[in-house]
Amino acid sequence: MGDSTVTRLEGREEAVPPLVTDEQSPTVLERLRTPRRPRLWFEILLIAVSYWTYSLIRNAVPEQKAKALRNADWVWNTEHQLGIAVEHSVNHAVNSVTWLIIGMNYYYATLHFVVTIGVLVWLYRTHPGRYAAARLTLFVTTGVALLGYYLYPLAPPRLMTGGHFVDTVQVHHTWGSMASGDLKNMSNQYAAMPSMHIGWSLWCGLTVFTLCTIPWLRVLGLLYPVATLVVIVATANHFWLDAVGGVLCLSFGFTVARAWYGALPHALPRLTPALRPAEA
């Protein structure tokens with residue numbers, strides 16, 4: 001609407017600014033940074049494409065066996081110097097209890113995906129206002145891990161030369177690792193640093209602990225990454241320091257989410273604001 005005019009007594013016209021009748025429309029950046037209710041079809045497509053891309057890139061990283069074995073020796077020696085090189089003892093001790101190590105093999109192969117997807121579905125249904133920030137945290141964490149796989153190839157303990165670790169999947173003939181048995185040619189065997197079993201499980205645990213209102217589920221949330229740490233060490237798939245790498249990646253993921261949304265996921269409103277008619 002153009003400026004309206006009024007006539008003064010002297011006969012001169014003076015411009016009058018138009019009345020503000022509506023709130024200023026948010027910018028594109030503001031709209032992107034405002035949590036919105038997730039769309040189911042988009043989330044399913046996004047997660048499927050993202051995981052396919054993650055697997056493709058992870059497995060496309062050159063398997064630099066010699067460098068990965070040298071890095072494994074360095075990590076193992078460093079842990080000895082720090083007095084935390086207990087992986088060998090844990091691996092052999094748990095392997096002596098057949099039912100326990102078989103259970104851990106299946107834990108390693110399945111819960112990593114099942115629990116993470118379950119927490120995403122729970123967030124989508126009950127915490128739509130926090131879903132996007134939590135999902136961004138997880139995606140950034142995974143993206144940084146891919147960079148780690150490329151820059152620092154690392155052999156897991158079970159593939160070390162002269163490490164005398166037990167590959168529990170091969171010994172007990174279970175399906176527990178994409179890098180063992182008949183599936184080893186489908187996965188990069190030297191992408192152990194950082195551990196996304198720890199990155200994802202800690203994301204799940206913290207999400208459940210901070211947002212769930214049921215006490216025993218909150219406790220389970222905290223125990224889940226602890227149990228995962230025991231499993232990845234007992235099955236000789238990771239060193240302790242791989243877990244530290246996973247924690248650092250997750251910390252970076254939370255930092256990015258906080259910078260983008262202005263708050264950590266649990267501090268955002270549980271529900272999304274009502275959409276304007278033009279945005280619906």
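I started at Arg135, which lies in helix α6 (residues 128-151). Helices here are DSSP runs of H or I with at least four residues, strands are runs of E with at least two, and both are numbered from the N terminus. I found Arg135 buried, at a relative accessible area of 14%. Buried means under 20%, exposed over 50%, and partly exposed in between, with a 1.4 Å probe and protein chains only. Leaving out residues up to four places away in sequence, Arg135 touches Phe42, Glu43 and Leu46; contact means heavy atoms within 4.5 Å.

A note on what I am reading: this is a predicted model, where local features need pLDDT of at least 70 and side-chain atom pairs count only at pLDDT 80 or more, while totals for chains, interfaces and linings use all residues. Residues are numbered from 1 along each chain as its sequence is written, and side-chain values use heavy atoms, with hydrogens and water left out.

Next I looked at the whole chain. Of the 280 residues, 42% are buried.

Then I turned to helix α3 (residues 65-82). Its 18 residues reach 26 Å from first C-alpha to last, close to the 26 Å expected at 1.5 Å a residue; the expected span is 1.5 Å times one less than the number of residues. Among its buried residues I noted Ala68, Ala72, Val75 and Trp76. The buried residues of α3 pack against α4 (87-95) and α10 (240-261). Just after α3, Gly83 takes a positive phi of about 75°.

In α10 I also checked Val244, which is partly exposed at 42% relative accessibility.

Last, the rings. I paired Phe, Tyr and Trp rings (the six-membered one for Trp) with centres within 6.5 Å, calling planes under 30 degrees apart stacked, over 60 edge-to-face and the rest tilted. That gave five aromatic pairs. Tyr107 and Tyr224 form a tilted one, 6.4 Å centre to centre with 40° between the planes. This pair links α5 (residues 98-126) with α9 (residues 215-234), across 117 residues. Tyr107 is buried at 18%, and Tyr224 is buried at 13%. Tyr124 and Tyr131 are edge-to-face, because their planes stand at 80°, with centres 5.9 Å apart. Tyr131 is buried at 2%. Ring pairs also join Trp76, Phe165 and Phe239 into a cluster.
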